Every structure is written in C-alpha cells, then in structure tokens.
Amino acid sequence: MNNKVPNNRAWLLVLPMLVLVAFSAIIPLMTVVNYSVQDVLGPNARFFTGTEWFQSMLNDDALQAAFLRQISFSLIILAIQIPLGIGIALIMPKRGWQASAVLILITLPLLIPWNVVGSIWQIFTRGDIGLMGWGLRELGIEYNITRNAGDAWATIILMDVWHWTPLVAMLCYSGLRSIPEAYYQAARIDRASKWAVFRYIQLPKLTNVLVIAVLLRFMHSFMIYAEPFVLTGGGPGSATTFLSQSLTTMAVGQQDLGPSAAFSLIYFLVILLVSWVFYTTIMNMQKDKPPHGGA
Amino acid sequence: MSLHLQNIDHIVNGVPHISGIDLALEPGSFNVLLGRTLAGKTTLMRLMAGLEPPTRGKIIMDGKDVTNVSVRKRNVSMVYQQFINYPSLTVYDNIASPLKLAKQPKSDIDKRVREVAEMLHIEQLLNRYPQELSGGQQQRTAMGRALIKDADLILFDEPLVNLDYKLREELRDELRDLFKARNCIAVYATTEPNEALALGGNTAVLHEGKLLQYGPTEQVYREPNGRFSAEMFSEPPINIVPGRLTDNEITFDQTLHFPCDDKLKRLEPGDYDFGVRASHLTLQPQRADDLALDVHVDVAEISGSETFLHVHHERFPLVLHLAGIHQFSVNEPLKVYFPTHQLYAFDKQGHTVHIPVRQGGAAHG
C-alpha cells in the first residue's frame with residue numbers, strides 16, 4: 001500500500017494565523033481602500049468616485065503644508081537624535097553597577113505613554129506653574145507656546161528628543177558592546193586617535209543598528225500624534241499641525257470618510273516608500289563597497 | 001632591543017594572574033609562550049605590550065624602565081586570535097594604517113605596503129575589504145599591519161588558532177622566515193606543543209601564571225625541568241607512572257619489577273614519578289629489556305595520520321602515540337612494550353631528577 005497518504009492538515013495549522021492577519025491588517029486596509037474610491041452619503045446611497053478623492057487630497061494646500069511640516073519635523077529630530085544617541089552611547093559606562101543604573105535611568109522616558117508625555121510637557125512649559133516656562137520667564141526670556149510658533153516648534157522637538165533619544169542610545173550601546181575588546185587594543189597599539197577609533201572601528205560596526213534606529217525613528221516621528229496634540233493642539237494656528245492630526249480632524253471631526261481614506265492610503269504609501277528607499281540605499285551602499293558581497 | 005621582565009606579579013580583583021615571572025628576551029629572538037588556556041599567556045603579552053602595567057615588578061626595555069610607559073609611546077605591534085582589521089578600510093589601507101598614523105610620506109608608505117603584501121602573498125588582494133577575504137587572508141592582512149612598522153616587539157596571541165589545519169602549517173612556516181632578517185623580539189603564544197616545536201626559537205613554559213622553564217625550544221622539550229613542564233610540552237601528554245626505586249630495581253604498582261638502567265642507579269632509593277613519552281611506547285618489542293605490559297584499549301583517537309591510543313593497565317592509564325591510522329576495539333587486550341631505558345624520573349616535588357640518554361636518530365627524541 002502506498003504510504004504517502006495525501007495529508008492537507010498542514011493548512012489547518014496556518015488557518016489561525018491567516019484569520020488573525022485578515023482581521024488585523026487585510027480587512028481594515030481593504031475597508032479603507034473601499035472608502036477611498038466612493039462617496040458614501042448614507043447606508044444605501046454611495047457613488048463611485050474613482051481617483052477624485054486622491055486628486056483633491058494631493059492638491060489640498062492645508063495638507064501640503066502639513067506634509068512639509070511633517071517632513072521637516074522628521075528630518076530635524078533625526079539630525080539631532082541620531083548623533084546625540086551615538087554620543088550618549090559612547091560615554092555610557094561599560095560595566096558594573098553604573099552601567100545598569102544608567103541604562104535604567106535612560107530607559108525611563110521610553111516607558112511613559114505618549115499622551116502622558118504631552119501632559120508632562122504641557123505642565124512643564126506653563127508660565128505660572130511649569131518649571132521651564134516659569135524659569136524662562138524669570139530669566140526674562142519671552143516664551144509662550146500658545147502664541148509663538150517658534151517656541152511651540154522648539155518645545156515639541158525638545159520633547160521628542162527627550163522621549164526618544166534613549167532608544168537610539170540603547171541601540172548604539174548594544175552595538176558598541178558587541179565590538180571585541182581586541183579591536184580597541186589593536187587601535188591603541190596602532191596609536192590611533194579617539195577620532196580614528198570612532199571613524200574606522202565604532203562607526204562601521206554600528207552601521208546595522210543605525211539603519212534600524214533611523215528607520216524606527218523616521219516611522220515613529222512621521223506618525224507622531226498624541227504628544228503635539230496634547231501639548232499645543234496643533235497651534236498656534238496650524239503651526240504644529242502634523243499629518244496624523246490633519247487626518248484625525250478630517251475623519252473623526254468632519255466625518256469626511258472618502259477623502260480621509262484616500263489621504264490615509266497616501267500617508268501609508270509615503271512612509272512605506274521613504275523607508276524602502278532608505279533601506280535599499282544603505283544596503284546597496286554596503287554592497288557596493290565590497291563588490292562581491294560580505295562574508 | 002632587549003626586553004627584561006623583572007619579578008612581575010599581576011593581580012586582578014585579588015586573583016593572581018601572573019606570579020613572580022622573571023624573563024629576559026634577547027634582541028632578534030623568536031620566543032614561544034607555551035601553556036594551556038588560562039596559563040597567563042595573554043596577560044603576559046598585554047604586560048609586555050604595555051596595555052596595562054603590572055601590579056608589581058619592572059619591565060626593562062633596552063636598559064630603560066618602561067613599566068609605566070603606555071602602549072602608545074612604545075613601539076610594539078600585536079596580532080590576535082580573532083582577525084582584527086579595520087572593517088571599512090581596504091587591505092591596502094589596513095596595512096598602511098600604522099604608517100599613516102605615524103604621518104610618513106605617501107611614497108614611502110606605498111613602497112612598504114607593497115613589500116609587506118608581497119611577503120605575505122596578498123599583493124593581489126590590496127583593493128578588497130576584510131569581510132571579502134578568507135580567514136587566512138584576513139589574518140595575513142592583520143599580520144601585515146603588525147609587520148609594516150619596524151616594531152621593537154611583535155606579539156602573536158594564538159594567531160593561527162582560528163585557521164584550518166593546512167593554512168596553519170603554511171603560515172607558521174612563513175612566519176619563521178619573516179623574522180629571520182629582523183632584529184625585533186617576537187613573542188608567540190600557543191597552547192600546542194607541536195606548534196612550539198615547529199616554530200623553534202626559545203620556549204617559555206607557563207602554568208597557572210608561573211614560568212616553569214625558559215630556554216631553547218629543543219632543550220626545553222628534551223630536558224624538562226619538572227613534571228609539569230614535561231606534561232605541558234608534550235602532545236599527547238607524557239605518561240606518568242608512580243613507582244619505587246630500590247637498589248637495582250624499579251617497581252610499578254607493587255607487582256611489576258624490572259632492573260633499572262645504570263644511570264638511574266645513581267638516584268637515592270625511594271618513591272618517584274616515572275615519565276615515558278607516548279611516542280616511546282610501542283606494540284612491538286624494540287629492545288630485549290623492554291617491559292611487556294598487558295593492557296586493555298580504552299579509545300583510539302585518530303589525529304591526522306597518527307593514532308593516539310589510550311589504554312589502561314590494572315592501576316594506571318597510558319597513552320601511545322603511533323604513526324599511521326590503526327583501528328582497535330574497546331577493551332581489546334593488547335601487549336604494550338615499555339622502554340625501560342627511556343624513563344624520565346621526577347621526585348615527589350615534581351623536579352626532574354633523571355633524563356634518559358638520547359637515542360641516536362630517534363624520531364621524537
């Protein structure tokens with residue numbers, strides 16, 4: 001008798017995962033796609049609109065402005081957090097109880113929920129009871145995040161740096177710890193300067209964690225919502241209204257489901273595209289240097 | 001350049017890593033540090049390089065006390081067990097790096113890099129990056145970095161351990177030649193007695209942070225000054241059988257009596273540890289006075305084209321080093337011939353009291 005009885009039971013094992021992914025990702029996404037090409041007026045009144053929503057979203061001045069703000073915000077915080085994170089990782093103690101203590105201290109901001117961070121900073125910056133707001137006023141510096149767009153921007157950036165630089169620092173710290181001690185010894189024997197050690201040993205060995213850090217921080221910051229919303233409410237005017245807040249106003253505030261669905265898809269594609277381009281570029285750069293691929 | 005370590009102690013967190021080492025290395029000498037893992041080889045090298053100062057003792061270079069001079073101000077280079085190269089620099093730039101840091105003129109650097117690369121047979125790889133190279137090529141690059149500057153002291157910390165057998169032999173042979181024309185002190189750490197023998201030069205036997213013996217490699221091998229030194233410097237380790245020497249007789253295990261060699265008769269009667277090299281035990285009688293022992297096979301370990309045969313007599317185990325590949329079954333009874341004229345004798349403190357007379361042309365001496 002043939003021992004190879006066809007057995008399709010393997011499919012059953014995949015099924016739970018398939019159902020889970022369908023509910024968590026595929027169905028919601030398809031719903032959004034569905035909304036983005038229709039104008040829904042009521043339960044039984046809907047019209048197919050084609051790409052109309054997409055076109056109007058791409059030509060919307062307010063959204064274009066929000067997009068520019070969003071890009072600037074992400075670039076600024078990357079420009080600050082990545083070097084700062086590397087710097088912190090470099091000066092962190094390497095072993096002993098000091099290392100554990102610093103690691104715990106530095107991780108604390110990461111554990112605070114987004115809107116709590118917003119509230120903390122909202123209070124912190126108040127002129128009457130907030131330490132920073134009051135302190136600056138006492139020093140004679142004019143500072144008001146509800147009136148001055150520059151102050152609002154500076155505060156949001158400072159808040160994000162405080163909240164998320166530890167993540168970059170921790171990733172770099174783990175990367176640095178994985179460099180064998182012999183490299184540093186060899187560099188000392190070569191009489192290499194601190195800068196040379198950083199440039200030719202530490203930085204090349206950190207490339208992989210830095211790619212992860214940049215990707216995570218870019219995606220995170222590009223989707224930022226709760227912190228500026230709680231801190232400034234997007235103001236003064238629309239100076240700190242970022243993409244996700246515009247989207248929420250449109251979808252939840254005004255119930256414009258069609259346009260906001262189209263907008264969501266564009267938003268999603270932008271994040272995907274930027275991350276993909278960045279990742280591919282870095283990986284190609286690494287591949288180009290050693291033309292025959294790594295070992 | 002000469003290097004003199006004077007009564008060096010090194011204690012880390014209360015644990016002595018090096019104790020009381022006194023060692024003088026001659027200019028232009030090739031020195032092997034032989035010892036098992038944790039014998040203190042790497043620590044001793046770090047002290048020689050000046051990567052850390054010793055807890056006690058002095059390090060004298062060319063008559064100058066350099067004990068507390070940092071590695072940056074000494075002229076040393078080092079090759080590690082791991083292949084350490086700058087990952088983002090080409091082989092060329094890696095080899096050139098010590099000279100670039102020393103700000104030497106470009107044309108000189110170029111000439112030197114090509115010379116060194118040729119010496120190490122990596123001249124066709126100069127534009128590659130370390131991660132594109134095989135282990136052997138990476139280690140050659142690291143050696144290039146060590147050799148390009150005219151260091152007074154070059155340290156090799158088990159550089160060939162991570163390479164395959166064939167490459168190891170090849171690089172080891174080249175290494176000796178590379179140093180023939182140089183006036184620097186080379187120090188080479190290894191755990192393998194055979195590597196020390198192949199490299200020649202001088203050998204220092206280390207054990208638990210102490211220097212057991214230092215001298216020309218062959219001499220240290222033939223005339224170990226103690227039981228530990230003999231055990232450390234033989235692969236497989238020398239067989240040690242406790243026995244009793246009476247007037248004309250040696251007794252092993254109270255039952256095996258045999259007449260002893262004339263030279264041994266000069267020793268005081270008493271208890272000794274007798275040593276016999278694994279390569280001196282045979283399965284066929286070599287001489288009339290060989291002692292035949294009935295043993296049982298434990299395991300036959302094949303290493304390359306040789307067999308290490310582990311057997312046990314009633315009370316003591318023995319290991320034989322046989323040329324060629326042989327198959328034995330476990331517990332197989334065998335007769336092993338024990339050359340009574342090739343015994344080392346160690347007193348109960350572990351000092352050598354008798355060394356066998358060399359056999360003319362004996363393969364393993």
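Chain A and chain B meet through 19 residues of chain A and 20 residues of chain B; two residues are in contact if their C-beta atoms, placed from the backbone, lie within 7 Å. This is a predicted model, in which local features need pLDDT of at least 70, side-chain atom pairs count only at pLDDT 80 or more, and totals for chains, interfaces and linings use all residues. Residues are numbered from 1 along each chain as its sequence is written, while chains are lettered from A and ligands numbered from 1 in the order in which they are written. Helices (H or I, at least four residues) and strands (E, at least two) are DSSP runs, numbered from the N terminus.

**Chain A side of the interface**

- Helix H8 (181-189) and helix H9 (194-222) of chain A are the elements that give two or more residues to the side touching chain B.
- H8(A) gives the most to this side, with six residues.
- By class, the chain A side has 11 nonpolar, three polar and five charged residues. Ala, Val, Leu, Ile, Met, Phe, Trp, Tyr, Cys and Pro count as nonpolar, Asp, Glu, Lys and Arg as charged, and the others, Gly among them, as polar.

**UniProt annotations**

- UniProt positions are given in the numbering used here, feature names are shortened, and annotations may be inferred rather than shown by experiment.
- In chain A, an unreviewed UniProt entry gives "domain: ABC transmembrane type-1" for residues 67-278. That span is 76% helix and 0% strand, with end C-alpha atoms 19 Å apart.
- The unreviewed UniProt entry also lists "transmembrane region" for stretches of chain A including residues 67-90 and 102-124.
- Residues 67-90 of chain A are 100% helix and 0% strand, with end C-alpha atoms 34 Å apart.
- Residues 102-124 of chain A are 74% helix and 0% strand, and their end C-alpha atoms are 24 Å apart.
- In chain B, an unreviewed UniProt entry gives "domain: ABC transporter" for residues 3-233.

**Four-strand sheet of chain B**

- Four strands form an open antiparallel sheet in the order S2-S1-S4-S5. Two strands pair if DSSP finds at least two bridges between them.
- S2 (15-25) and S5 (64-65) of chain B are at the edges with a single partner strand each, so one side of each has no neighbour in the sheet.
- Five bridges join S1 (residues 3-12) to S4 (residues 56-61) of chain B. Among the pairs, B:Asp9 has B:Arg56 as its bridge partner in S4(B).
- Two bridges join S4(B) to S5(B), and B:Met61 partners B:Lys64 in S5(B).
- The hairpin of S4(B) and S5(B) has two residues between the strands, and B:Asp62 takes a positive phi near 50° there.

**Six-strand sheet of chain B**

- Six strands form an open sheet of mixed pairing in the order S6-S7-S8-S3-S9-S10.
- S6 (76-79) and S10 (210-216) of chain B are the edge strands, each pairing on one side only.
- Five bridges join S7 (residues 153-157) to S8 (residues 185-190) of chain B, which run parallel. B:Ile154 stands opposite B:Ala186 in S8(B).
- H4(B) packs on this sheet, touching S6 and S7 of chain B, and its direction makes about 170° with that of S6(B). Axes are lines fitted to C-alpha atoms, for helices over the stretch in contact, and angles run from 0 to 180 degrees between N-to-C directions.

**Helix pair H2 and H4 of chain B**

- The axes of H2 (residues 91-101) and H4 (residues 135-148) of chain B come within 8 Å and cross at roughly 25°.
- H2(B) and H4(B) are therefore roughly parallel to each other. Angles under 35 degrees count as roughly parallel, over 145 as roughly antiparallel, 65 to 115 as roughly perpendicular and the rest as oblique.
- The residues of this contact divide into five nonpolar, four polar and one charged.

**Backbone exceptions in chain B**

- Most residues other than glycine have a negative phi, and most peptide bonds are trans.
- B:Asn7 has a positive phi of about 45° although it is not a glycine, and B:Asn7 lies in strand S1 of chain B.
- The peptide bond from B:Glu235 to B:Pro236 is cis, with omega near -5°. B:Pro236 is in the loop between helix H8 (227-232) and strand S11 (239-246) of chain B.
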